[in-house]
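User: I am new to this structure and would like a guided look at it. Could we go through it piece by piece?
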Amino acid sequence: MLVHSSADRQLAVEQWLLSTLPARDRARMEWQEGRETLLPLGTLFSAVRIPQTLAHAIVGSLSHEAMDAVLADALEGGPVICDPKGHRYYALVPGRMPETWIAAAEEWRELGVECLGRGTYLGVPPVKAVTLDPSRWVSYWAVPMPSAGELCSPLAVARLLAAGARCLAEAADA
């Protein structure tokens, strides 16, 4: 069995993410400085933007660390970026999801959820930004990408959103 170190996996993930760009030097520099870099969506991966209120409706108001653990479990370890200032999560999904799940995406809009694909850029934090630390990162990996190309299952994302919608509906009826 071949075992790769955490540093090797992080480097592989970084290289995979950067492969969406024709020129990677600027992005590498931004990450080295601890900043986000803008990556185009819709080729290797896309993103589902989830309002924090929807995610928190499922489990109540939890700390960021606890919420990150819930997301990791619900999304089966698929990568999620947290934007604490924007009060949003971004589940990274296969590049064609916005096109193949178009009917579901339309329904999700009323929940404040949006499928982001071609023609959209996402601010992606450095791969090493895996904890909430406002003094160092604007956003962070709530659920780090386990290995290059490993994304959230669209079905797991749909289940999470359905659970959130049920919880919000129950809270509104109470």
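Predicted model: local features only at pLDDT ≥ 70, side-chain atom pairs only at ≥ 80, totals over all residues.

User: Where does Gln52 lie?

Analyst: Gln52 is part of helix H3.

User: And is Gln52 buried or exposed?

Analyst: Gln52 has a relative accessibility of 13%. Buried means under 20%, so Gln52 counts as buried.

User: One of its contacts was His64. Which residues of H3 and H4 meet?

Analyst: From H3 the residues are Gln52, Ala55, His56 and Val59, and they meet His64, Met67 and Val70 of H4. By class, this contact between H3 and H4 has 4 nonpolar, 3 polar and no charged residues.

User: At what angle do H3 and H4 pack?

Analyst: Helix H3 (residues 52-59) and helix H4 (residues 64-74) pack at about 85°, and their axes are 11 Å apart. The two helices are therefore roughly perpendicular to each other.

User: What about H3 and H7, at what angle do they pack?

Analyst: H3 and H7 pack at about 75°, with 8 Å between their axes. That angle makes H3 roughly perpendicular to H7.

User: Which residues meet there, and how do they divide by class?

Analyst: On the H3 side are Thr53, Leu54, Ala57 and Ile58; on the H7 side are Leu160, Leu161, Ala163, Gly164, Ala165, Cys167 and Leu168. The contact of H3 with H7 divides into 9 nonpolar, 2 polar and no charged residues.

User: Changing topic: what is the order of the strands in the sheet?

Analyst: The sheet is open and has 5 strands in the order S5-S2-S4-S3-S7, with antiparallel pairing. Strand S5 (114-116) and strand S7 (140-143) stand at the edges with a single partner strand each, so one side of each has no neighbour in the sheet. From one strand to the next, the twist averages 30°.

User: How many bridges join S2 to S4?

Analyst: S2 and S4 run antiparallel and are joined by 7 bridges. Within this pairing, Pro51 has Arg88 of S4 as its bridge partner.

User: Going back to S4, how many of its residues are buried?

Analyst: In S4, 5 of the 7 residues are buried, so the strand is largely enclosed by the rest of the structure. Helix H7 (residues 154-173) lies across S2 and strand S4 (88-94), and it runs at about 10° to S2.

User: Last topic: how many aromatic pairs are there?

Analyst: The count is 2 aromatic pairs. One of them, Trp16 with Phe45, is tilted, with 5.7 Å centre to centre and 35° between the planes. Trp16 lies in helix H1 (residues 6-18) and Phe45 in strand S2 (residues 45-51), so this pair ties together parts 29 residues apart in sequence.

User: Are Trp16 and Phe45 buried or exposed?

Analyst: Both Trp16 and Phe45 are buried.

How values were computed: Residues numbered from 1 in each chain as written. Heavy atoms only, no water. Phe/Tyr/Trp six-rings, centres within 6.5 Å; stacked < 30°, edge-to-face > 60°. Helix = DSSP H or I, 4+ residues; strand = E, 2+ residues; numbered from the N terminus. Buried < 20%, exposed > 50% of the residue type's maximum accessible area, 1.4 Å probe, protein only. Pairing = 2+ DSSP bridges. Axes fitted to C-alpha atoms, helices over the stretch in contact; angles between N-to-C directions. Contact = heavy atoms within 4.5 Å. Parallel < 35°, antiparallel > 145°, perpendicular 65-115°, else oblique. Nonpolar A, V, L, I, M, F, W, Y, C, P; charged D, E, K, R; others polar.
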